[in-house]
Amino acid sequence: MAARKVAIIGAGASGLCALKCCLDEGLAPTCFERSGDIGGLWRFEEHPEEGRASIYPSVIINTSKEMMCFSDFPIPEDFPNYMHNSKIMEYFRMYAQHFDLLRHIRFRTSVCRVSKRPNFATTGQWEVVTESEGKQETNVFDAVLVCTGHHTEAHLPLSTFPGLKKFEGWYLHSRDYKSPQAFAGKRVVVVGTGNSGIDIAVELSHAAKQVFLSTKRGTWVLHRVADGGYPFDFSNLSRLTQLGLRVLPPHATNFILERKLNARFNHALYGLQPQHRVFEQHLTINDDLPNCIISGRVRVKPNIQEFTETSAIFEDGTREDIDAVVFATGYRFSFPFLESCVKVVENQISLYKFMFPPDLEKPTLAFIGLIQPLGAIMPISELQSRWATRVFKGLHNLPPSTDMLADITQTKEKMAKRYVKSQRHTIQVDYIPYMDELACQLGVKPNLLTLFLTDPKLALEVALGPCTPYQYRLQGPGAWAGAREAILTQWQRVIKPLQTRAGNNPTRSRATPHISVVFFSIGLIVATLVYVSLSA
């Protein structure tokens, strides 16, 4: 029997791991990439491409290498913990070469239309129309993976800023920002305090005469570098921490993290503290903003009430002369090539587990990477792809449509209850709970009790250490023989790029104190039983 043909749309981070997972399952994938290279969001281009977010040369990722790597391909130990976009591209190229992915990608090929075949109810097949060099081509595929992400259309709400049309300076969306040189000696307003807004404000402050950071609600700002100098996500995203988040009430967990963040710099003192709690927003990460504020290079302002020809008037009544505006107001996503198969309204889309449309006769369409995690997206996209490909093969079944719709409704209600209302908060997931949810569907969630009984050393690192992607390769479909070693050596790979001065060895090899296996045995068993019971 011929291998089932799968169309993959997009060759960014999600498309690459989707391609690899298809090959692992013996499927026949073809990846369509409209540009001439892999990398998607992380490939720097001087001129922004339509339908794709565009980064600027200095962008550094906010998730550390051990937390963001693909689960069976660790990032080299000498790579920095927080990688520049060029290093991310280098890793993607290594991944593509190692697994021989490039020969399955059709570059400079756009997907024009994806539609059901007339016999879809029985075959689940799709008709995919593509265009390359002005010529259209139609092919039939047994399944489709949409890997275009959620940074597709720049959201530029100009109508909400009265007077902007008469403003004599210039304005742009953050996707069009490339360099601070054009703003040298200028007075600039950056609108928005998400990651892009704050990063751009910080960079502009080194060249502009004055930078104003305008925020409607304020924001909580995390930092890449945690206590002891280790990566923040690597030090804090653990199963033990997650257990605490589940056991403690929300007001307690919010209080603990807010107190920690305010110990670094008082958010109210710096004009940033919002009315909402820290876990009610998508986290903003930046290490340099407090220095820019305390040195006066960045001044925090409220929302803009209106523009005049030469100035911005803020909601507190203050007026500032300005030359330029950068709108870091996010993105919208849409899928025009899918016709009426899915509907997106104000960044809202109904998908089971953020992946599967619930009303298809056959589960042969899935979205990969259409989530905004409190953590790294690459391992999530990979685990989504591992599950989707096995669903396509008929090895895993989805629930009835009514059950999927009920799950979608419940997920949306939880999200609306927790997060500040915003188009930014429609596809939010927490890293470990969502990864475990997918892992349960696939049968690859690590069994802590079994691990403790058979491999206590590994069990301790899985339970108490960072929840790195390798954990989801220890057992079940797609198990990787190198997963155990990768977990036990992950601290070494974090330390390696920091030890660039000979003889300057750290006094201890990890952020958590060394505790003997014997001392923690009883505690681990109890924690494991509690964790298992709560996860059931």
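Reply: Angles under 35 degrees count as roughly parallel, over 145 as roughly antiparallel, 65 to 115 as roughly perpendicular and the rest as oblique. This is a predicted model, where local features need pLDDT of at least 70, side-chain atom pairs count only at pLDDT 80 or more, and totals for chains, interfaces and linings use all residues. Numbering starts from 1 along each chain as its sequence is written, and side-chain values use heavy atoms, with hydrogens and water left out.

Me: At what angle do helix H10 and helix H12 pack?

Reply: Helices (H or I, at least four residues) and strands (E, at least two) are DSSP runs numbered from the N terminus. Axes are fitted to C-alpha atoms, for helices over the stretch in contact, with angles from 0 to 180 degrees between N-to-C directions. Here H10 (residues 378–392) and H12 (residues 431–442) pack at about 20°, and their axes are 10 Å apart. The two helices are therefore roughly parallel to each other.

Me: Which residues of H10 and H12 meet?

Reply: Contact means heavy atoms within 4.5 Å. On the H10 side, Pro379, Ile380, Leu383, Gln384, Arg386, Trp387 and Arg390 take part. Their counterparts in H12 are Tyr431, Tyr434, Met435, Leu438, Ala439, Gln441 and Leu442.

Me: What is the strand order in the open sheet that holds S1?

Reply: Strands pair if DSSP finds at least two bridges between them. This open sheet of five strands runs S3-S2-S1-S7-S20, with parallel pairing. Strand S3 (105–107) and strand S20 (365–367) are at the edges with a single partner strand each, so one side of each has no neighbour in the sheet. From one strand to the next, the twist averages 20°. Strand S1 (residues 5–9) and strand S2 (residues 28–33) pair over five bridges, and Ala7 has Thr30 in S2 as its bridge partner. Helix H1 (residues 13–24) packs on this sheet and touches S1, S2, S3 and strand S7 (143–146); its direction makes about 170° with that of S1.

Me: And what is the order in the sheet with S9?

Reply: Five strands again form an open sheet with parallel pairing, in the order S9-S18-S10-S11-S14. Its edge strands are S9 (170–173) and S14 (298–301), each pairing on one side only. Inside it, strand S10 (residues 187–191) pairs with strand S11 (residues 210–214) over five bridges, and Val190 stands opposite Leu213 in S11.

Me: How many disulfides are found?

Reply: Cysteine sulfur atoms within 2.5 Å count as a disulfide, and a search of the whole structure finds zero. The closest cysteine sulfur to that of Cys147 is in Cys17, 7.0 Å away, too far for a bond. For Cys467 it is in Cys69, 12 Å away, also too far.
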